[in-house]
Amino acid sequence: MSTATTRPFAGAGVAHAARARRYGLWVAAALVLLMLPQLVHTGTAIAIMNQMGIAVVFALSYNMLLGQGGMLSFGHAVYFGLGGFIAAHVLNLSGRGAIYLPVPVLPLVGGLGGLAFAILFGSFSTRRAGTVFAMISLGVAELMAASSLIFDRFFGGEEGITTNRSKAPLLLGLPFTRDREVYYLIAFWLFVAALAMYAFSRTPVGRMANAVRDNPERAEFVGYSQNRVRFVSFCAAGFFAGIAGGLFAVNYEILTAENMGLTASGAVLLMTYIGGIGSFVGPVIGAVVFTFLQSMLSDYTGMWLLYLGILFLTTVLFVPMGLAGVLMLHAPAWRARRIGRLVGPYLLTGALALVAAVGIIGLLEMIHFVAVSEGAGATKRLFWMAIAPRTLTPWLAFAALVVVGALGVRWTAPRAAVAFAEASRPAVAVRAAPTGKASL
Amino acid sequence: MFQLIFFSILNGLVYGMLLFMLSSGLTLIFGMMGVLNFAHASFYMLGAYVAFTLGLHLGFWPALVIAPVLVGLLGALVERQGLRRVHGFGHIAELIFTFGVAILIEEVVQLVWGRPAKSYQVPALLDFPLFRVMSSSFPAYKAFMLVVAVAIFGFIFVILTRTRAGLIIQASLTHPQMVAMLGHNVPRVFMVVFGIGSALAGLAGVIAGPVLGTFPGMAQVLGSIVFVVVVIGGLGSLTGAFVASLLIGIVQTFAVAMDVSVGGALAAVGVPVASGGALHDLWKVTIAQVAPILPYVLLVLTLIVRPTGLFGTRET
């Protein structure tokens with residue numbers, strides 16, 4: 001495969017092949033979504049996959065703002081939550097027979113609810129960009145959080161709004177009682193929403209969103225109103241966030257004010273950024289990884305957000321392009337068929353980093369144990385061992401792991417970097433292939 | 001009625017001056033570096049927790065001095081090792097970074113001190129009512145808070161306007177390149193200001209912890225309000241931060257003290273309100289319930305009507 005050299009002179013045939021490959025990717029994604037429930041058998045796995053699907057839609061909608069539009073929002077969960085609340089109320093009405101609305105259409109109702117509020121709040125907040133936009137989004141989020149305490153009937157106070165999806169009328173006789181059935185509903189909407197969001201990013205207004213993000217002044221000179229471009233992106237993002245909220249209402253059958261709070265907005269920022277805001281698949285990867293870590297870690301430790309926060313800060317400081325960006329960096333090596341040479345150095349560095357991570361986790365968990373859980377016995381189960389945090393030995397052991405791991409990484413990381421540079425070197429040394437970087 | 005107004009003003013002053021201790025650092029940091037520090041209130045929380053732990057061993061008064069210094073050093077470290085690194089990626093990246101720091105500090109606080117609130121007590125020396133007006137009394141500790149806050153205000157004012165260091169800081173606010181040309185180490189000025197700002201936030205935490213409570217959510221409770229203050233006052237303006245702090249402090253204290261419902265208020269003016277109906281919840285709302293919303297309504301209004309804030313000279 002010599003695409004690395006032919007790509008700069010891409011002709012019609014290559015463009016055709018690229019398009020075919022893109023359609024192929026979507027078809028493959030649809031097949032994977034259909035096949036996944038056949039591969040897993042536990043109820044927990046299905047529940048986690050449902051959660052992931054919702055998170056992916058939410059994160060993709062968030063990236064329409066942050067990645068594609070350059071708008072940092074601290075209140076995106078407002079549209080998710082309001083869409084969810086509206087969907088839950090409509091589902092209740094439908095269950096009582098007041099209106100006819102089957103469950104599969106419900107996410108659309110949530111989406112329209114999110115859209116309505118995005119139009120309302122977007123009308124003034126998108127007049128600004130950058131820090132001021134972020135401030136307004138925070139203000140709106142706090143406003144809604146405070147309002148939720150007042151409007152008891154709509155938000156249901158502390159208990160939130162509960163609903164029952166099995167009471168709604170059926171569409172084509174499809175019931176939605178089990179998680180597995182809900183999975184297909186979520187998968188369907190995930191696919192449709194992702195496709196629509198991808199299509200949006202290819203439309204002229206989606207392209208202009210990128211232009212306004214990079215250079216608003218120049219976009220204005222070309223003849224586009226930056227406010228209107230931001231407003232359209234904002235409304236679209238609110239719509240898809242509402243769809244995610246509607247899916248949430250169907251899946252969990254309960255919504256509380258927490259679902260639209262600052263923590264929820266922060267979580268979507270974390271997952272989108274960890275995945276990478278520079279590419280379309282970034283938020284997908286981020287949402288899957290974040291949800292997986294969240295559900296796995298919360299089984300073992302109460303401090304899961306601490307670890308995710310560390311992961312987030314590490315991403316911000318050292319790999320701002322996110323996980324997807326790191327994967328993209330390896331495209332040249334992959335095309336040059338030299339990716340195999342990286343396995344050895346990467347495994348070595350990764351193993352040493354893992355050693356350091358185990359040491360850090362051990363130390364953190366022991367600090368937590370000693371500081372907080374007084375009198376809860378002398379030992380703690382950690383890494384499948386019984387450990388006595390009130391003795392010196394485990395502290396020395398974990399500290400030694402940190403030191404060994406860190407020193408080892410310091411020694412091997414430059415070698416891995418050299419191997420990476422060697423592998424990504426173009427086959428014919430003309431110039432670096434332009435597709436190597438994330439297209440931020 | 002007099003009693004209500006008198007104590008509301010006093011409490012509003014105390015709360016407002018406390019807000020100023022936080023917002024002064026935040027607005028200086030913003031004015032200099034263009035960074036809206038999301039973790040500012042987290043330093044306030046750290047101040048309270050560190051002082052609580054130090055207080056157990058050393059007592060309140062040494063903690064009052066040591067805790068802000070420790071928090072300030074940590075702030076300087078965050079600036080030196082973290083913020084300076086992401087500075088090249090632009091303001092959005094900086095905002096995201098400080099947001100991450102805020103999450104991390106909140107989690108670390110829970111890691112070390114646990115989730116339940118700590119019983120951080122007012123020192124025995126100040127635990128008496130200072131004076132009584134009719135049936136209510138005013139605690140001496142609140143007067144102490146007021147004194148500390150006013151002293152800090154005077155301190156900042158004198159440093160910024162009367163000393164050479166203050167002149168350099170003021171110059172770095174508006175003309176960082178020129179200051180650098182004159183041979184000053186502007187990044188170090190930034191680090192020092194960030195450290196001092198964090199220390200002030202820490203000090204606010206030390207003195208507010210016993211009154212407003214020491215719990216892992218305390219940063220979130222105050223953090224957003226401080227943002228509101230800084231935006232309303234005008235980003236980068238110390239005078240604005242001062243006026244807005246007092247404004248928000250007094251408005252909120254008054255609103256909390258009023259137990260009048262919206263429907264009742266309308267009825268008093270002569271507008272009859274039907275009970276029940278779709279807006280039933282709205283008529284039942286009391287002014288006290290609206291109090292938490294007020295700052296954010298003010299924030300959104302300010303950003304729409306006058307984005308530069310009361311005393312600000314520039315946007316963003």
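Student: Which residues are buried in helix α15 (residues 322–329) of chain A?

Tutor: In this predicted model, the buried residues of α15(A) are A:Gly322, A:Leu323, A:Ala324, A:Gly325 and A:Met328.

Student: And what covers the buried residues of α15(A)?

Tutor: The cover includes α12, α13 (281–300), α14 and α16 (331–335), which are elements of chain A.

Student: Let me switch to α11(A). How does α3(A) pack against α11(A), in angle and axis distance?

Tutor: Helix α3 (residues 43–69) of chain A meets α11(A) at an angle of about 170°, and their axes are 9 Å apart. An angle over 145 degrees counts as roughly antiparallel, so α3(A) is roughly antiparallel to α11(A).

Student: Which residues make the contact?

Tutor: On α3(A) they include A:Asn50, A:Ile54, A:Phe58, A:Met64, A:Leu65, A:Gln68 and A:Gly69, while α11(A) contributes, among others, A:Arg230, A:Ser233, A:Phe234, A:Phe240, A:Leu247 and A:Asn251. Sorted by class, the contact of α3(A) with α11(A) holds 16 nonpolar, six polar and one charged residues.

Student: What about α8(A) and α11(A), what are the angle and the axis distance there?

Tutor: Helix α8 (residues 179–202) of chain A packs against α11(A) at an angle of about 175°, with 11 Å between the axes, and these two helices are therefore roughly antiparallel to each other. The α8(A) side of the contact is made by A:Val182, A:Leu185, A:Ile186, A:Trp189, A:Ala193, A:Met197 and A:Phe200, and the α11(A) side by A:Ala236, A:Phe240, A:Ile243, A:Leu247, A:Val250 and A:Asn251.

Student: What does A:Ser233 touch, leaving out residues up to four places away in sequence?

Tutor: A:Ser233 touches A:Met64, A:Leu65, A:Gln68, A:Gly69 and A:Ala209 on that basis. As for A:Ser73, which is 160 residues from A:Ser233 along the chain, the C-alpha atoms of the two are separated by 12 Å.

Student: I also noticed A:Glu253. Where is A:Glu253 found?

Tutor: A:Glu253 is in the loop between α11 (226–252) and β2 (254–255) of chain A. Although A:Glu253 is not a glycine, it has a positive phi of about 60°, and with 16 C-beta neighbours inside 10 Å it counts as partly exposed.

Student: Zooming out, into which domains is chain A divided?

Tutor: Chain A is divided into domain 1 (24–328) and domain 2 (332–424), and the C-alpha centres of these two domains lie 33 Å apart.

Student: How many residues of chain A are in contact with chain B?

Tutor: There are 38 residues of chain A in contact with 39 residues of chain B. On the chain A side, α6 (130–150), α7 (152–155), α12 (262–275), α14 (304–318) and α17 (340–372) each supply at least two residues, and α6(A) gives the most, with 14 residues. The residues on that side of chain A divide into 27 nonpolar, seven polar and four charged.

Student: How many helices and strands are in chain B?

Tutor: Chain B has 14 helices and two strands, and buried residues make up 46% of its 316 residues.

Student: What confidence does the predictor give the complex and chain A?

Tutor: The complex gets an ipTM of 0.82 and a pTM of 0.84. Chain A has a mean pLDDT of 83, with 92% of its residues at 70 or more, and among its elements α11(A) has the highest mean pLDDT (92), whereas helix α1 (residues 3–6) has the lowest (41).

Student: And where does pLDDT stay under 50 in chain A?

Tutor: Residues 1–10 of chain A stay under 50, and the model has 15 contacts for them beyond four places in sequence; residues 432–440 of chain A also stay under 50, with 22 such contacts.

Student: What is the mean pLDDT of chain B?

Tutor: For chain B the mean pLDDT is 82, and 89% of its residues reach 70 or more.

Conventions: Residues are numbered from 1 along each chain as its sequence is written. Chains are lettered from A and ligands numbered from 1 in the order in which they are written. This is a predicted model: local features need pLDDT of at least 70, side-chain atom pairs count only at pLDDT 80 or more; totals for chains, interfaces and linings use all residues. Two residues are in contact if their C-beta atoms, placed from the backbone, lie within 7 Å. Helices (H or I, at least four residues) and strands (E, at least two) are DSSP runs, numbered from the N terminus. Ala, Val, Leu, Ile, Met, Phe, Trp, Tyr, Cys and Pro count as nonpolar, Asp, Glu, Lys and Arg as charged, and the others, Gly among them, as polar. A residue is buried if 20 or more other C-beta atoms lie within 10 Å of its own, exposed if 12 or fewer, and partly exposed in between; C-beta atoms are placed from the backbone. Domain bounds come from an automatic or database domain assignment. Axes are lines fitted to C-alpha atoms, for helices over the stretch in contact, and angles run from 0 to 180 degrees between N-to-C directions. Angles under 35 degrees count as roughly parallel, over 145 as roughly antiparallel, 65 to 115 as roughly perpendicular and the rest as oblique. pLDDT is the predictor's confidence in each residue, from 0 to 100.
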